[in-house]
Protein chains: 4
Amino acid sequence: MSAEPSSVPPASSPSAPRYGVWLVGARGSVATTAVVGCAAVAAGLHPPTGMVTETPDFATSGLPPLASLVFGGHDTVDCPLPKRAEHLAEGGVLPHGLPAAVHAELVAADREIRPGGPTLRDADAVPARTDDDWIDVFAADIRDFADRNGLAGVVVVNVASTEPAPAAGALPPSSLYAAAALRAGCGYVNFTPSTGLHHPALAELAASAGVPYAGRDGKTGQTLLRSVLGPMFQQRALAVRAWSGTNLLGGGDGAALADPAAAAAKNAGKERVLADTLGTAPEGEVHIDDVPALGDWKTAWDHIAFDGFLGSRMILQTIWQGCDSALAAPLVLDLARLLLRAGQQGITGPLGELGFYFKDPVGDGPASLGEQYTELKRFAARLSDTARPSHDAGDSGAQR
Amino acid sequence: MSAEPSSVPPASSPSAPRYGVWLVGARGSVATTAVVGCAAVAAGLHPPTGMVTETPDFATSGLPPLASLVFGGHDTVDCPLPKRAEHLAEGGVLPHGLPAAVHAELVAADREIRPGGPTLRDADAVPARTDDDWIDVFAADIRDFADRNGLAGVVVVNVASTEPAPAAGALPPSSLYAAAALRAGCGYVNFTPSTGLHHPALAELAASAGVPYAGRDGKTGQTLLRSVLGPMFQQRALAVRAWSGTNLLGGGDGAALADPAAAAAKNAGKERVLADTLGTAPEGEVHIDDVPALGDWKTAWDHIAFDGFLGSRMILQTIWQGCDSALAAPLVLDLARLLLRAGQQGITGPLGELGFYFKDPVGDGPASLGEQYTELKRFAARLSDTARPSHDAGDSGAQR
Amino acid sequence: MSAEPSSVPPASSPSAPRYGVWLVGARGSVATTAVVGCAAVAAGLHPPTGMVTETPDFATSGLPPLASLVFGGHDTVDCPLPKRAEHLAEGGVLPHGLPAAVHAELVAADREIRPGGPTLRDADAVPARTDDDWIDVFAADIRDFADRNGLAGVVVVNVASTEPAPAAGALPPSSLYAAAALRAGCGYVNFTPSTGLHHPALAELAASAGVPYAGRDGKTGQTLLRSVLGPMFQQRALAVRAWSGTNLLGGGDGAALADPAAAAAKNAGKERVLADTLGTAPEGEVHIDDVPALGDWKTAWDHIAFDGFLGSRMILQTIWQGCDSALAAPLVLDLARLLLRAGQQGITGPLGELGFYFKDPVGDGPASLGEQYTELKRFAARLSDTARPSHDAGDSGAQR
Amino acid sequence: MSAEPSSVPPASSPSAPRYGVWLVGARGSVATTAVVGCAAVAAGLHPPTGMVTETPDFATSGLPPLASLVFGGHDTVDCPLPKRAEHLAEGGVLPHGLPAAVHAELVAADREIRPGGPTLRDADAVPARTDDDWIDVFAADIRDFADRNGLAGVVVVNVASTEPAPAAGALPPSSLYAAAALRAGCGYVNFTPSTGLHHPALAELAASAGVPYAGRDGKTGQTLLRSVLGPMFQQRALAVRAWSGTNLLGGGDGAALADPAAAAAKNAGKERVLADTLGTAPEGEVHIDDVPALGDWKTAWDHIAFDGFLGSRMILQTIWQGCDSALAAPLVLDLARLLLRAGQQGITGPLGELGFYFKDPVGDGPASLGEQYTELKRFAARLSDTARPSHDAGDSGAQR
């Protein structure tokens, strides 16, 4: 297996192990882009731009090849993946022609998507399902996916729209899915600001589940920038007086985040990055506006007022124009591979070493991107530890 | 000691050693701001914003206190420092009232400024001075400064306007001053893109002089940003396609850099930072425009076109509005203190550990600001090495 | 005439008429800048940058000379004008040294400031003053100002902080002042988004008062830009999809507008300009953030997504960095002079011709700045009508 | 007529007159976009965004319908229009699928393209063609186009790449084409900064040709903005100190303008707009950078330093991200229709009324966009003058 080239089909010959990536929000932009991109890069149609795990530092980490990944997931919407991919191509997120080129992979992933919940419709069901019922249903879906596909491991990744901060006590949907991942014995990644495993009711379960987990809230644009600019100001002993920001975004994300409760969840992560890197929270607000005309594209303007020597007033402004799906998808693939490999290696619990990817990382770790990158490379080396059994599928999740 | 500025308290009691900072370009904006700022911070009039050496990591490095620094230097212009400082206050670079508050220190430093050269006027002198004559004159000026002030060490810092790239063979003025520093046994810092010690004719001298030196080209604004943004793109495996920039600046610097030859010297440093951090040189040009209306303020616009996953096109723009003098002056004080202490500790030769401060650092070292900061902190720890005699002035330059 | 400021020369010889400018919010930034600037320009210390009425098109309009203007007003705060002016100079709004140069004029204006109201303190007074009582008090203050100074006319200009949208029925303070202006027979200008004369209870009074009035909400920065960019898109048949904006401002204004009710009043004016010039209201929000670190300076970022030919997506962004007081003050002087002259010429009622100055102009008129400028120049010509008596003070307000 | 594209409805029934648009640079981005867009709008596939002549003010001007336009032209390159259109769709300039939808029209236009010159290859021809030979060849091409298609009028529009400023005396290619237009009796529009009719040797010919002409240098992006922002500053009596700009553009245009001589031609137009609207030329430079990574998209950054009241320093920055072809093409269609109609109406000579479209307009006229728009609407009204014969093709060019 060691000489197996990752992007070439033979890799998934009947004898090569295959790994599952179970996406919560499997029909969203990020999930669709991840499925399309995995197939496109595996087939050599595109270079792996944006995938950190395809850089040389990860070459010997024993990560599952892209061609070995099998996708499935939960979603509450019905639009089939091939159609969703066409929409993304029309909006300029995916190259024209690419959805057609990877049609087979989209159809295959679409067949593995199961209905999510609870939705408003479910609220009327009699008798009502309890939280525990839902967790059982979701966990069964994941185990069934692993069984039917003969997977050597499965990781669950939450890429659904941001949910509002939950009412006290209740388990929000993101936490039901997270609990299902644990119940199915799978690693778990929360790429969103939603609650997921960050719920008091799940703390004990997470600690004892014996699976690796990571999150939360992927660091893709404005906060990525902040995680390098904050340390710059701090290292140069420049005094940041006010850091203000406005995000304009369309797509479903814009509408979801126009809900003040959802925006609050997202902003908390952004502000944490500033406070952690600057050592103090500067003045300033962050706005998130829903601007449907921008489609899947996003503009983030930041205005940073800082003092230099002798109180001189200076200003840095940044304007970031990007596509969140295209920024998030390669990181989702990175994380899926890293968690799958960690599971194989028997690494469990919160993976603080993956702070590079998140606004609000689990565990302890540095807040500056540079130091987080150093930690990530150290983790990559740890994964390739030859002392551990590298093909013992017995201790990874969702397998028999 | 009778000229001791009244605002500098006990720290510089008659028995405490005093250290010299000899500024080439001693009447320029950067030098004036450094002299004013040193006095203001030493007297507690302003916090040490922008001075990295005043942060906790340097507390035990044994650096000379600000109040122990004595300023002098060379310049070819006549405007007295107190008047120059008033101009800077009118332009908003210095707080109003501050030049008056540190008038005594400005007068003291002004008395220690000697005529620079060679100027056009000198070209007509008969008999013409040779390069070696000039070096002798400059070195004598420095030694005289050290003697009369009873200094325990002197460092020479070039903060003069950028000079055009020199004709082959000839020693440009910046190199004459650099050679004089070595001849006087002083540490040397080149904060500008000018040649300084980077001249083949000085290589041997630099190697054998037994003094520490650092440079070149202080990283204050646009390039500071580039040194954190470049690594961000590289670490995230994003493909930078084009990096374009325009700098608008007034003051003397704008006029000096409107000379294409001087601009070329400056741009080489900027581009080196990109190539070193990205691993490849992207498309794009850098313009430096002289805009006298901006006075001592500077605006730098950067436009970075990069590719994300599956070739999606994204753009980051940055706008930096700062005052170069206010950004440079605290770094000049940092460097002066670090070099003076290094000299005391017997550390000689190129100080690659100071890459944090420069666009085009001497020696080897990382190109990303974060790693350079780590190196700097390591250097700070090394300076406090208790195994070395910390007050043996015998091996530092320009003292008896 | 013995109080005549020494810096104001022959123009206001004893026989020349003098005119009053009564500022509501007389100790605010805008008022202070107007008083300082009027004196400075009258004395030839500064050119009349930003004053449209000093351009050649107004040379024959018979406007009162700057040196003939006498200032007074209402305010609820106590800080004396000379001190307020010093604060503005420290914040960079006024040139250093200028407050001292026009100290006499500041003292003179400060002596003419009367307490405003009703404040919270007034709410406890027994017996409580009625709205009508307040109007009487304010009108008496204005008449007294005119009498004591022997003024040939007085105009009242509201430059107070934006007040929240009033509860239905109640007369907000801005309307009490406006009613007082009418009761005193003075022209009235509302430079703020507050209600002023825009109150149903004042409609009849305004119609019958026989004085000119104008407003509301001065067009100084972001909206000024919008009033030229909106027409550009409309004239070129480009389809604006979304127009989003964020304003960062400190000073008292930032705090006042952080109140959502006050911000709503202000934003209504901004949006009206877009809708009027584009013919349709695009997507997008406007945020107003209080950022105390910016002091009296303001940054406005606008992001305009528009469609070109065949649906091509394009973007214009603007960043405006200005000082509202310095933008508003010369317009306040313009308006005071125009209203004083209109009163002299017997021009009464809403001055729709002054839409050039306002976000939400009274009367009818074009919305594009260019057309508004044409109207303004036409009005300037009308003012110089030689058929009318130009020095008959008998029909202007607040005189005996 | 049997080849008439099926998407063009009744308007071009066999009896309706047809009009020719002869494009110099017929295979470039602008020309291709114009041909595609004319067909798409005529067929109702897209709204006429960006076409001023499709707004209500032009409804009664008697302009030739889009469906009546027939395209041809000169070019020195071979790439067929359908292929060029596909490239533009790949680059995001044209919507995907549109080139296929208007394939018939692209093929038809491509058949009417004749070889341009003189090229380097032509320089070796024996005997060498004289300027007059070239003009004859080009004029014959145009007449042949008119004859074969039975056109009621032809207008020649230069949309070729900007040529370097010509050597004294020589007629540059753009002038040969312009002279050919006159010789063929056609109206002429110079949408580029190239010389065209602005050559002393053509002055007499232009005056006596009896055809309408307009130009030069289409005002599409940065200069369009300048033509509304310049008047704003002037009308508000704000003092512009420095106006600096940088343009980043890819495509062929970027490469052509990287030639300093071509850039100089283009910049002259930009600066003229500023000087004309501000009444004075501010400090500041304009850079044009070739950035191939941007493809057909362009970014223009402008930085405007201006003084407000009492010398307060303020800054406006604008960032324009657009696609020049998509901005230019609808204006080219506008101009073609306006010139064709003007010819019909017997209006000849320089059309100063079309200054709305150009950086450096022929004839006299206002410099602010708003006033130019007023002039354009007046011209639209003049075209519909019912006193003139509206279908007398006898006095329009290139017909027998």
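Modeller: Before we start, one term: two residues are in contact when they have heavy atoms within 4.5 Å of each other. This is a predicted model, in which local features need pLDDT of at least 70 and side-chain atom pairs count only at pLDDT 80 or more, while totals for chains, interfaces and linings use all residues. Residues are numbered from 1 along each chain as its sequence is written, chains are lettered from A and ligands numbered from 1 in the order in which they are written, and side-chain values use heavy atoms, with hydrogens and water left out.

Biologist: OK, what share of the interface residues of chain D are also interface residues in chain C?

Modeller: The share is 100%, so these two copies meet through the same surface.

Biologist: What domains does the assignment give for chain A?

Modeller: There is domain 1, made of 19-218 + 326-395, and domain 2, covering 222-322; such bounds come from an automatic or database domain assignment. Over C-alpha atoms, the centres of domain 1 and domain 2 of chain A are 26 Å apart, and 19 residues of domain 1 are in contact with 21 residues of domain 2.

Biologist: Backbone next. Which residues of chain A does a cis peptide bond join?

Modeller: It joins Gly215(A) and Arg216(A), with omega about -15 degrees, and Arg216(A) sits in the loop between strand 6 (212-215) and helix 8 (222-235) of chain A. Helices (H or I, at least four residues) and strands (E, at least two) are DSSP runs, numbered from the N terminus. In chain D a cis peptide bond joins Gly215(D) and Arg216(D), with omega about -10 degrees, and Arg216(D) lies in the loop between strand 6 and helix 8 of chain D.

Biologist: What is phi of Ala237(A)?

Modeller: Phi of Ala237(A) is near 60 degrees, which is positive although this residue is not glycine. Ala237(A) belongs to the loop between helix 8 and strand 7 (239-249) of chain A.

Biologist: Switching to helices, at what angle do helix 1 and helix 4 of chain D pack?

Modeller: Helix 1 (residues 29-42) and helix 4 (residues 103-111) of chain D pack at about 135 degrees with their axes 9 Å apart; axes are lines fitted to C-alpha atoms, for helices over the stretch in contact, and angles run from 0 to 180 degrees between N-to-C directions. Helix 1 and helix 4 of chain D are therefore oblique to each other, since angles under 35 degrees count as roughly parallel, over 145 as roughly antiparallel, 65 to 115 as roughly perpendicular and the rest as oblique.

Biologist: Which residues of helix 1 of chain D meet helix 4 of chain D?

Modeller: Val35(D), Val36(D) and Ala39(D) of helix 1 meet Glu105(D), Leu106(D) and Ala109(D) of helix 4. By class, this contact of helix 1 with helix 4 of chain D has 5 nonpolar, no polar and 1 charged residues (Ala, Val, Leu, Ile, Met, Phe, Trp, Tyr, Cys and Pro count as nonpolar, Asp, Glu, Lys and Arg as charged, and the others, Gly among them, as polar).

Biologist: And how do helix 2 and helix 4 of chain C cross, at what angle?

Modeller: The axes of helix 2 (residues 81-90) and helix 4 (residues 103-111) of chain C come within 8 Å and cross at roughly 130 degrees. That makes helix 2 of chain C oblique to helix 4 of chain C.
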